[in-house]
Structure formats: structure tokens, C-alpha cells
Amino acid sequence: MNPLSDHSLMLQVRGGAVDKLGLLYDRYYSLVFSYFYNIFRDQALSKDLAQTVFMRILKYRERYREDGVFKHWMFRIARNIGRDQFQKQGRWRMEDAENWKDKLTASGSVQDDLIKREQLQQLHRALNELDSEKREVLVLSKLEGMRYKEIAAILDCTEGAVKVKVYRALKALKQVFISLENQ
Amino acid sequence: MQDINIQKLLDQYRRGPLTADQEVLLEQALEQGLIQLEQLEDLQKLQEQIQFEAPEVDNREERAAFWEALQAEQKHAAPTKQGLMERIFQFFSPVQITYSLALLVFGLALGLWLRPATGDNQQIGQLSAEVQQMKEMMMLTMLDKPSSSERLKAVSMSQDINEASEAVVNALFRTLNQDKNVNVRLATIEALSNYADSPSTRQRLIKSIRFQDSPLVQMALAELMVRMQERGSIDALEQLLGRDNVPEEVKTKIKSSIDILL
């Protein structure tokens, strides 16, 4: 086994080499932060929540299983923390449109760019309207390197079930988007 | 579900709204892999337009706090004493070990039985050399891949190469000094430690200390210098102590490394 693999490092942490968790922290902090940020759209909160994930991993390191997959375990912890936070605040925070980065390909037309920007902002307002479960599955599906198989392991369901969840989330998103467009 | 129904279902989806029963069928088809999400072009396009991203995050404070927590926990936690067998079983399951031992015994027996006449030893040696060359080529190619996990695999592969050529060692040093991924650089330090018998490798490792900005890599190199008992690294390590951007915990580690080497 590669001694620097996630699994190996976490087994070492479990065995008492607690400092090895620092490697996993550096490896995954950005991804976990990104996960929370795209759900809550709050940088300070997302940093807190990401930190909580790793503190919880440290605290409950004995529970890491011999046959575990670190990334899946980490995201399950992240989901639980996210769920607790959502229950606490009761609603997604409304997105601050000024924080939104525009990724526009140069179309050569100012008007096209304005229309596209407006549509993107509308799309993200629609995302804000989704319930936590639908939004979460879309965030997971767009996280770098995340495949349906991995999402299935994190959500503890089959790969087929993940595809259905993504389908339902996109369908709901489309409906909200259209209704916002028609307002 | 017959193919023709799937196609009809897709056509109906594209034409207009599905009935409730058709929705159920569509979801079943998705779950069973008979329809892929990519075939639902409108949703696929929507998914492509979703842009999730995160701003650059400055987590230096949080990171420092986490490392402090780790150090505090390390002091309280007594490492569990693992016997040799426990350490082996940490990495390999009993089934894997049994299977590997059985294969080894079988391989030895087969090798003894099939032991070739001396004339064939040369051919086997040649074949071995060719296999080594192929491994090196694969490793060098993978080191240039954009994916950090591919580069990590490449570094791991170098540990399977019995006597690395100059090209491999040069590639590893290039990776140590230039790869943008910290984990790849850490793995490279481990890989290069296998060649630490060579004086030129040791010198280059010492030189590498000056190139490193990552605290993890700095600490790993300091640890390696101690393992190698390389007193020639003291100057380079002391230079690190003089840098403002080196975190305190790294400086502490470096100081203790220097104390051991002196």
C-alpha cells in the first residue's frame, strides 16, 4: 500500500500518528471548503464548517474502518455537519450577486454578455430555491473528481439512485428557473 | 424494458411533458442505466451551465490552529504499540498475505523446476532489462501528466525500479523542485531517499531545501537529513530558520533536526 495514500495515512492517524492528519487536511481542505461554500455561499461559515470536519475526524479517528475509504467518510461527516447547520439557520442564505464570478466567453457582443450574465444570475437564484437535498447532490456532482459511484458511497445508495437524484434535482432546477424567468 | 420503449420514452421526453407513469418509467430507466442523463439534452445543458466554484481561501490561521490541535492531541495520545504482525496486517488483509505467500511458494517451485540451462540466463537478463526500461519510460511519461494523481502514481512506480537511471533521478528532482502539488513533492522525497547512498543525490537533496516553500515539504526534508545523518545540510536548514515565512512549528522541527545533526 502506498504509505501516502489517504487510507494509509488515516490508518496511521488511527494508530497514533496524529500528525499525519495534517497531510490529509492540506490535501482536502479546499475541496471540503468548496463543498460548503457552494451550499451556503458564505465564506466565513464555510471555513468554520470545513475546520469542524477535520476536528471531528481527529476526534473520532478511532471510528475509521479498516475497509473504509477516507474521502467517502470525510464527506459523510461533512454532510452531517452541513445538515446541522442548515437546521440551525433554516434557510439558504441568499446569494450575494456581487460575489459571483462571471465566466463569460468572449462573445464580441456586449448585449450577448449582459443577457448571458443575467441568465447565469437567474440560474443561481434558482439554485438557491432548491431544497437542501437537491442542492447538495448537484454540488457533489460538480465537485472536482467526484463520480456518481463516489457520490453513491457518500450518500449510501446505489449509483442508479444517484442518477435519479441528479435527474430530479435538475428537473426541479429547470422548473424554478423557468418560473423566475417568467416573473 | 424493451429498447423500442426506451426510444419512444426519450422521444416523448423531448417532445413534451411526460405523464406521471412515463416519469416513473424514465426514472426506472435512469436507475437501471438504460437511459443516461446525457441523453436528456436539456438537463445536460443546464448541468453544464451550473458553475460551482469557491473563491481563493486564505486558511492560514485555520491551518495553524489545526496543527496546534494536532500537536496537543499528539502529546495526550499515546501511540498504540503495534507488533510486527499488526503493522503488516495494517496494510494487508490476511487473505492478501496468504494469497501472496502461496503465489511466492508456487513461483519458487515453478522456477526451480523450470530452471533454464545456463545459456538461457542471458535471455532472461535481457528481458528483465527491457521490463525495467519500459517501467522507466512509463514513469517518465506519467510524471508529465496534468493530473496530480497520475504524477503520484509515477513517483510510486519509481520505487519498483531496481536501479534507477540518471533520467529517472533527474526527473524525480525536477518533480521535487517544481511540481505544484505538495503531496507529489512529499512522495518524491520518499522515492529519492532510496537513492540517498549516492553522494550526488545527497547534495542535490540538500540544494532542494532552499527551493521549498511548503512547510510540509520543508519538514519532510529536515527529517530525511536526520535519517541520512547528513551534516552537510546544516547550513541549508539554518537558512530556512532565517526566513520570515516559515511557520513556527516548522522552525521548531528544523531546530531539533539541526541539534541532532550537530
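A:Arg168 pairs up with B:Glu27 in a salt bridge, with 2.5 Å between the closest N and O atoms; the term covers a side-chain nitrogen of Lys or Arg within 4 Å of a carboxyl oxygen of Asp or Glu. The count between chain B and chain A comes to 6 salt bridges. On the chain B side, helices H2 (20–31), H3 (41–49), H4 (60–76), H5 (84–91) and H10 (182–193) each bring at least two residues to the face that touches chain A. H4(B) gives the largest share of that face, 9 residues. By type, the face splits into 25 nonpolar, 10 polar and 11 charged residues.

This is a predicted model, in which local features need pLDDT of at least 70, side-chain atom pairs count only at pLDDT 80 or more, and totals for chains, interfaces and linings use all residues. Residues are numbered from 1 along each chain as its sequence is written, chains are lettered from A in the order in which they are written, and side-chain values use heavy atoms, with hydrogens and water left out.

As for the interface as a whole, 46 residues of chain B are in contact with 55 residues of chain A, contact being heavy atoms within 4.5 Å. About 4,800 Å² is buried between the two chains, 62% of it from carbon and sulfur atoms; this is the accessible area (1.4 Å probe) that the two parts lose on being put together, summed over both.

Chain B itself has 14 helices and 0 strands, helices being DSSP runs (H or I) of at least four residues and strands (E) of at least two.

Conventions. Ala, Val, Leu, Ile, Met, Phe, Trp, Tyr, Cys and Pro count as nonpolar, Asp, Glu, Lys and Arg as charged, and the others, Gly among them, as polar.
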